[in-house]
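Have a look at the model below, and keep it open beside you as you read. We will walk from the overall fold down to single residues.

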Amino acid sequence: MSRLPVGYLTRREYFSACHRLHSPQLSDEKNLEVFGKCNHINGHGHNYVVEVTLRGPIEPKTGMVMNVHDLKIYFKKAVMDTMDHKNIDKDVPYFKDVVSTTEHVAVFVWDGLKAQLPNPELLYEVKIYETEKNIIRFRGEYTN
């Protein structure tokens, strides 16, 4: 059995959305203390940058980990159609009871892509730039 080289394929996309950082488990005063100006009653917006990385064998016949065109389609269905130019808290049912932090957005993107990919084991990392200074990475890991 011959060994196949392992490659990392990253696709970068952009979407704009608004949200309000607010936890129903906290008082209004505590929400303001924890989330500051991001708790404003009318919310605020971001131009998110999302990088999705797949890790897997480079297929000998195609020379690819996955066809980038296919990844673009899966990304559109999982992320762009559900979040771009939306109010995350009001338009995305996942966030009905989940605080719309970028950490949770990364988990949402991960789960959505896992559901779309024909080989979900290829998904390696979701990286989201909320701003140039605030970056979240998620690799599907959970604590006990």
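## Ground rules

This is a predicted model, in which local features need pLDDT of at least 70 and side-chain atom pairs count only at pLDDT 80 or more, while totals for chains, interfaces and linings use all residues. Residues are numbered from 1 along each chain as its sequence is written, and side-chain values use heavy atoms, with hydrogens and water left out.

## The chain as a whole

The protein chain holds 4 helices and 5 strands; helices here are DSSP runs of H or I with at least four residues, strands are runs of E with at least two, and both are numbered from the N terminus. Read from the N terminus, the order of elements is β-α-β-α-β-α-α-β-β. The C-alpha trace spans about 60 × 35 × 25 Å along its principal axes.

Of the 144 residues in the protein chain, 40% count as buried. Buried means under 20% relative accessible area, exposed means over 50%, and partly exposed lies in between, with a 1.4 Å probe and protein chains only. Contacts are heavy atoms within 4.5 Å. Among contacts in the protein chain with a separation of 6 or more, 67% come from residues 24 or more positions apart.

## Helix α2 and its kink

Helix α2 covers residues 68–83, 16 residues in total, and reaches 21 Å from its first C-alpha to its last, close to the 22 Å expected at 1.5 Å a residue. That expected span is 1.5 Å times one less than the number of residues in the helix. Where does α2 kink? The kink is centred on K76 and comes to about 45°, where the bend at a residue is the angle between axes fitted to the seven residues ending there and the seven starting there.

The buried residues of α2 are L71, Y74, F75, A78, V79, M80 and M83. They pack against β1, β2 (44–57), β3 (86–87), α3 and α4 (102–116).

## Helix α4

Helix α4 has 15 residues and reaches 21 Å from its first C-alpha to its last, close to the 21 Å expected at 1.5 Å a residue. Its buried residues are T102, V105, A106, V107, F108, V109, W110, G112 and L113. The cover over these buried residues includes β1, β2, α2, α3, β4 (123–129) and β5 (135–138).

Leaving out residues up to four places away in sequence, T102 touches Y48, I128, E130 and I136.

## The largest pocket

The largest pocket contains about 290 Å³ of space. Which residues lie closest to its centre? They are R20, H22, N87, D89 and K90, out of 18 residues that line the pocket. A pocket is found on a 1 Å grid over the protein atoms alone, as an open set of points where a 1.4 Å probe fits, with protein on both sides within 12 Å along at least five of seven lines; lining residues have an atom within 4 Å of a point. Grid points are joined across faces, edges and corners, and the volume is the space filled by probe spheres set on the points.

β1 (6–19) and α3 (88–91) each supply at least two residues of this lining. By class, the lining has 6 nonpolar, 7 polar and 5 charged residues. Ala, Val, Leu, Ile, Met, Phe, Trp, Tyr, Cys and Pro count as nonpolar, Asp, Glu, Lys and Arg as charged, and the others, Gly among them, as polar.

S16 is in strand β1 and counts as partly exposed because its relative accessibility is 21%. Setting aside residues up to four places away in sequence, S16 touches H46, N47, M83, D84, H85 and K86. H85 has a phi near 55°, a positive value in a residue other than glycine. Most residues other than glycine have a negative phi. H85 counts as exposed, at 63% relative accessibility.

Beyond its neighbours within four places in sequence, N31 is in contact with L21, H22, S23, L26, G36 and N39. K37, in the loop between α1 (28–35) and β2, counts as exposed at 76% relative accessibility. K37 and R20 are 17 residues apart in sequence and 9.4 Å apart in space, C-alpha to C-alpha.
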